[in-house]
Amino acid sequence: MVKAKAKAKAGRRVLEAAVGVAVGAINGLLGGGGGMLCVPFLENILGEEVKVSHATTVLVIFPVCLAAAAVYTAKGETDPLSALLVAAGAVVGGALGSAALAGAPPKAVAVVFALIVAGAGAWTVWKG
């Protein structure tokens, strides 16, 4: 019994690492968007609750974004002033959003997330 639990836990850790590779690759390739994959991966593949998956994604995406930003900046493909100004606003928005998540019903979080993902996808196709 103990051996089976240890094996299942090890299998989950491998799956978590694989999810991380997929999220990081998408984020690095597209300059973002890994979070839009991370949430459904955490929920559907790893079985996390809605709010846990959203909160965990924020923590996961932070180092992914730092790594991708370092590569893009080293290549001279960023605008540091724009990045600083947007980041300042994002910090305020992040604090407001995380406070809202704490009190939001899980179903509402899932619906809002789905609408944002669908809207972003439609916008990308329309503008592309």
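Helices here are DSSP runs (H or I, at least four residues), as are strands (E, at least two), all numbered from the N terminus. This is a predicted model, in which local features need pLDDT of at least 70 and side-chain atom pairs pLDDT 80 or more, while totals for chains, interfaces and linings use all residues. Residue numbers start from 1 along each chain as its sequence is written, and side-chain values use heavy atoms, leaving out hydrogens and water.

**View 1**
Along the principal axes, the C-alpha atoms fill a box of roughly 55 × 35 × 30 Å. Of the 128 residues, 16% count as buried (under 20% relative accessible area; exposed is over 50%, partly exposed in between, with a 1.4 Å probe and protein chains only). Take the contacts (heavy atoms within 4.5 Å) between residues at least 6 apart in sequence: 57% of them join residues at least 24 apart.

**View 1. α1 alongside α2.**
Helix α1 (residues 2-30) packs on α2 at an angle of about 160 degrees, with the axes 8 Å apart; axes are lines fitted to C-alpha atoms over the stretch in contact, and angles run from 0 to 180 degrees between N-to-C directions. That angle makes α1 roughly antiparallel to α2 (over 145 degrees; under 35 is roughly parallel, 65 to 115 roughly perpendicular, the rest oblique). On the α1 side, look for Leu 15, Val 19, Ala 22, Val 23, Ile 26 and Asn 27, which meet Gly 34, Gly 35, Leu 37, Cys 38, Phe 41 and Ile 45 of α2. Sorted by class, this α1 and α2 contact has nine nonpolar residues, three polar and no charged. Nonpolar covers Ala, Val, Leu, Ile, Met, Phe, Trp, Tyr, Cys and Pro, charged covers Asp, Glu, Lys and Arg, and the others, Gly among them, are polar.

**View 2. Zooming in on Leu 37.**
Leu 37 sits in helix α2 and is partly exposed, with a relative accessible area of 27%. Leaving aside residues up to four places away in sequence, Leu 37 touches Val 23 and Ile 26. Ala 10 is 27 residues from Leu 37 along the chain, and their C-alpha atoms are separated by 23 Å.

**View 3. α2 against α5.**
Here helix α2 (residues 34-45) and helix α5 (residues 106-127) have axes that come within 11 Å and cross at roughly 140 degrees. That makes α2 oblique to α5. From α2, the contact uses Gly 35, Met 36, Val 39 and Pro 40, and from α5 it uses Phe 113, Ile 116, Val 117 and Ala 120. The α2 and α5 contact comes out as seven nonpolar residues, one polar and no charged.

Thr 57 belongs to helix α3 (residues 50-74). Is Thr 57 buried or exposed? Thr 57 counts as buried, at 6% relative accessibility. Not counting residues up to four places away in sequence, Thr 57 touches Gly 35, Cys 38, Val 39 and Leu 42.

**View 4. The annotated spans.**
The unreviewed UniProt entry lists residues 21-42, 54-74, 81-102 and 108-126 under "transmembrane region"; such annotations may be inferred rather than shown by experiment. Residues 81-102 are 100% helix and 0% strand, and their end C-alpha atoms lie 32 Å apart. Residues 108-126 are likewise 100% helix and 0% strand, with 27 Å between the end C-alpha atoms.
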